[in-house]
Amino acid sequence: MPVIEVENLTKAYDGTKVVDGISFDVAEGEIFGIVGPNGAGKTTTVESVEGLRQPDAGSIRVLGLDPMHDRYELTQRVGAQLQESRLQDRIKVGEALELYASFYDQPADWHELLDRLGLNGKAGASYSSLSGGQKQRLAVALALVGSPEIAILDELTTGLDPQARRSVWENIEQIKEAGVTVVLVTHFMEEAERLCDRIMVVDRGKVVATDTPAGLVGRVGAEQRLRFRPSVPIEDADLTALPEVTSVKHSGSQLIVAGTGNIVHAVTSLLAQRRVIAEELRIEQNSLEDAYLALTGAEAISNGPETEVN
Amino acid sequence: MSATMKLTRTEGRLFARDPIALFFGLVFPGILLIALGYLFPGFDEPSADLDGKRYIDVYGPIVLVLGLATLGLVTLPPILATYRQFGILRRLRTTPVHPARLLWAQLAVHGVVAIVAAAFAVGGAVLAFDVPVPERPIWFVLSFLLAAASIFSIGLLVGALARTTTAGQAIGMGVYFPMLFLAGVWVPRVIMPDALLTVSDLTPLGSAVQALEDSWFGITPSAMNLAVMVVWAVIVGLLAVRVFRWE
């Protein structure tokens, strides 16, 4: 049974529909990702689920509750980390956690949360002295201090350096292991791919696709690319003659051969026949990033000069 | 301990960690009064300008109101604006505790600081300059509470309207200095021209100074002064509640 059910959610600001008929379900215990470009309506969607926004139309059920009507019960059972929300500069980490713990009927042990999130020894540190990663981990701790069944995390790792981001990812995996359902808003595909069981891609207020990361990649075609430098020149026409190959591009001295099916075997056999060695060979598959760009219609940025033949 | 008590305790600690707010809110009124008394020649002698009162007598109520105005108009609005700007109020809305309780906690902290600051100033004046202990104590306390309510209501309204910390400081200061002038900080009310005195009477700070001075020296405060403070507290307070935004 889904713990979050959203049907036909619509919300407009100043006549512009920011969320335009979004529907999705989140299953108990999963990490559900919401990805999309800036202004796609991700934050408005989760803030409606949290009861911070009154939708114009549509229905939302969270643990069977109406977020606007059953606020008290909902806030006891759903923890949130908000985008661009911070604490008082002079508050100490331990004070903030103790304070937030006092709001809930069944608070978690905040000392244990500190340890779990790698903030042990920071209880006496003031908020302003924390690094960006520590502030975000504290935000996670505050979202979990009420022992919620659902944690909603909005742009948790934006602005963090890669190392801090990875350590926050481990924390999110721990949350899932503890049995908490997680809704994760992000615009990092690597993050969504690594953490999410299912991903909803949102663009201009509408759902473009909802699927597993692998399912999303599959939707945009299972194209593979071989990138290599041939030891002796080889005619493009010989490669495009192979049924598996769809295109050949040149990038400096490298060839990029794209296609489907058993393209790796087909191309390497041809090269072996012609006694051509494929130097610096790399095989690239479509990533979630490619799938996301294809689904949202955003332009991919090419690296370096490439000339299309064919 | 209840969530409201915890919030109040936490906000109290945060206030105590701000040395500037602590100095100007807590000890400045008393220090100012004592410094004026010692530094200005004739400050503690009867003056014909003041209908035979001493400057120290007249300035007692003025520094009490100055202390309230500093807390209500200088300290409080930027805190409220910051809490909105930082998303602290919005974050509270996702918890079982309504953010209004944070406002009550702030008002409670400012109220306690105001009372301690007033006790320090009154005590200093009584001990150092033989100013009488307030002669109508119940009216005196009532006047002080009404003054606090009306001034903090204005601070709440400024905090409701200001979107950023800086705006909260700027608007607060913009209200603070004219109000202090009308309260008689630079020109005591007894020597104000009649027209100015009428304007002063209509402001909560001017009426507060008069009501505190009267009750301090054995006169029942005028109904007009008390009513001015009640009207400001109620109207501005309701307006602040109406326009207040949590985000």
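## Getting your bearings

Keep in mind that this is a predicted model. Chain A has 310 residues, and 39% of them are buried. Its C-alpha trace spans about 75 × 45 × 35 Å along the principal axes.

In terms of secondary structure, chain A holds 11 helices and 14 strands.

## A six-strand sheet

One feature to look for in chain A is an open sheet of 6 strands, in the order β5-β6-β7-β3-β8-β9, with mixed pairing. The edges are taken by β5 (78-81) and β9 of chain A; each has a single partner strand, so one side of each is left without a neighbour in the sheet. Going from one strand to the next, the twist averages 15°.

As background, strands of a sheet pair through backbone hydrogen bonds, either parallel or antiparallel. Both kinds turn up below.

## Walking through the pairs

Start with β6 (residues 150-154) and β7 (residues 181-186) of chain A, which run parallel and are joined by 5 bridges. Within this pair, Ile150(A) has Thr181(A) of β7(A) as its bridge partner. There's a helix here too: α6 (residues 162-177) of chain A lies across β3, β6 and β7 of chain A, and runs at about 150° to β7(A).

Next comes β3 (residues 31-35) of chain A, which pairs with β8 (residues 198-203) of chain A in the parallel sense over 4 bridges. Ile34(A) finds its bridge partner in Met200(A) of β8(A).

The hairpin made by β8(A) and β9(A) has 2 residues between the strands, and Arg204(A) takes a positive phi near 50° in it.

## Where the chains meet

How many residues of chain B are in contact with chain A? There are 18, and they touch 20 residues of chain A. On the chain B side, the elements giving two or more residues are α1 (3-16) and α4 (88-93) of chain B. The largest share, 5 residues, comes from α1(B).

Sorted by class, that side of chain B has 8 nonpolar, 4 polar and 6 charged residues.

How values were computed: Residues are numbered from 1 along each chain as its sequence is written. Chains are lettered from A and ligands numbered from 1 in the order in which they are written. This is a predicted model: local features need pLDDT of at least 70, side-chain atom pairs count only at pLDDT 80 or more; totals for chains, interfaces and linings use all residues. Two residues are in contact if their C-beta atoms, placed from the backbone, lie within 7 Å. Ala, Val, Leu, Ile, Met, Phe, Trp, Tyr, Cys and Pro count as nonpolar, Asp, Glu, Lys and Arg as charged, and the others, Gly among them, as polar. A residue is buried if 20 or more other C-beta atoms lie within 10 Å of its own, exposed if 12 or fewer, and partly exposed in between; C-beta atoms are placed from the backbone. Two strands pair if DSSP finds at least two bridges between them. Axes are lines fitted to C-alpha atoms, for helices over the stretch in contact, and angles run from 0 to 180 degrees between N-to-C directions.
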